[in-house]
Amino acid sequence: KILTVHHLTNNYYKYTNIPTYRIMWSANEKIFKDYKEPYEYDVYFSGVIRKEQTDDYRNKIYKSLENLRQNHPDIKFQINARFKENNYQGKIFSTEEYAKNLAKSRICITTTGPADLVGTRYFEIMATNRALIFCNNLNTENSKIYENMFIDNTNCVMFNSIEDFDKKLLYYLEHENERMKIVNQAFNDFNNKLSYYKQIEKIENIIKIK
């Protein structure tokens with residue numbers, strides 16, 4: 001049997017003739033959690049930026065956040081982008097620093113990478129029960145590979161363009177009750193469906209398949 005985080009399990013089976021099953025990433029709940037500390041940032045955006053990522057969204061987001069920061073000095077941003085063009089120079093947070101940054105942020109921005117793959121950050125944000133997942137649309141007409149995990153306006157907020165990104169980002173910073181309703185649902189979904197314990201259960205059931 002083959003286990004993979006990738007959604008193209010049929011392709012794996014086609015080329016290997018080995019039954020292939022999808023097991024998703026998750027997050028270490030001992031590290032990614034509510035640290036019971038006050039919010040320090042309104043918006044958190046950090047990580048590697050490459051053109052190969054979905055629609056070059058991270059580069060577009062970086063530019064948009066720079067404009068928002070100039071026009072909204074009252075919003076507290078934590079922006080730490082590292083670009084392929086300058087050999088990814090910039091600060092690399094320790095695991096604990098990174099986990100606490102997520103937990104001290106009201107909104108954490110994350111996007112899919114090459115081949116529409118989600119990274120571990122989606123699950124790490126969920127596990128904090130503090131930050132809102134803010135991401136590009138994962139369930140477009142041509143791609144519904146995450147529709148059972150991430151649901152727009154239920155356990156995350158998705159945007160369809162940079163204009164939509166700006167509008168929704170400001171909206172959820174101004175509507176705390178709505179933000180927290182989605183955050184709490186994400187935390188519940190993480191515990192009920194997406195934690196490492198749930199992934200282990202899936203693996204155990206796959207092993208039993210003859």
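A salt bridge, as I use the term here, is a side-chain nitrogen of Lys or Arg within 4 Å of a carboxyl oxygen of Asp or Glu. By that rule the structure holds 13 salt bridges. Please keep in mind that this is a predicted model.

I'll go through a few of these pairs. Start with helix α2, residues 57–71, which contains both Arg69 and Glu66. The two form a salt bridge, and their closest N and O atoms are 2.8 Å apart. They sit three residues apart, about one turn of the helix. In general, an α-helix has 3.6 residues a turn, so residues three or four places apart point the same way. Arg69 is partly exposed, at 36% relative accessible area, and Glu66 is partly exposed too, at 22%.

The next pair is Glu97 with Lys91, with 3.9 Å between the closest N and O atoms. Glu97 has a relative accessible area of 36%, which makes it partly exposed; Lys91 is partly exposed at 44%.

Which atom does the side chain of Asn80 reach at 2.8 Å? It is the backbone oxygen of Lys91. Why does Asn80 count as buried? Its relative accessibility is 11%, and buried means under 20%. Leaving aside neighbours within four places in sequence, Asn80 is in contact with Phe45, Ser46, Gly47, Lys91 and Phe93.

Now the helices. In α3, residues 95–103, the buried residues include Tyr98, Leu102 and Asn101. Among the elements covering the buried residues of α3 are strands β3 and β5 and helix α4.

Helix α4, residues 121–128, also packs against α6, residues 176–194, at an angle of about 115° and with the axes 7 Å apart. The crossing is left-handed. From α4, the residues involved are Phe123, Met126 and Ala127; they meet Ala186, Phe187, Asp189, Phe190 and Leu194 of α6. By class, that contact has seven nonpolar residues, no polar ones and one charged.

Definitions and conventions: Residues are numbered from 1 along each chain as its sequence is written. This is a predicted model: local features need pLDDT of at least 70, side-chain atom pairs count only at pLDDT 80 or more; totals for chains, interfaces and linings use all residues. Side-chain values use heavy atoms; hydrogens and water are left out. Buried means under 20% relative accessible area, exposed over 50%, partly exposed in between (1.4 Å probe, protein chains only). Helices (H or I, at least four residues) and strands (E, at least two) are DSSP runs, numbered from the N terminus. Contact means heavy atoms within 4.5 Å. A polar contact is a pair of N or O atoms within 3.5 Å; within protein, one must be able to donate a hydrogen and the other to accept it, and residues adjacent in sequence count only if both atoms are side-chain atoms. Axes are lines fitted to C-alpha atoms, for helices over the stretch in contact, and angles run from 0 to 180 degrees between N-to-C directions. A crossing is left-handed if the near helix is turned anticlockwise from the far one by less than a right angle, and right-handed if clockwise. Ala, Val, Leu, Ile, Met, Phe, Trp, Tyr, Cys and Pro count as nonpolar, Asp, Glu, Lys and Arg as charged, and the others, Gly among them, as polar.
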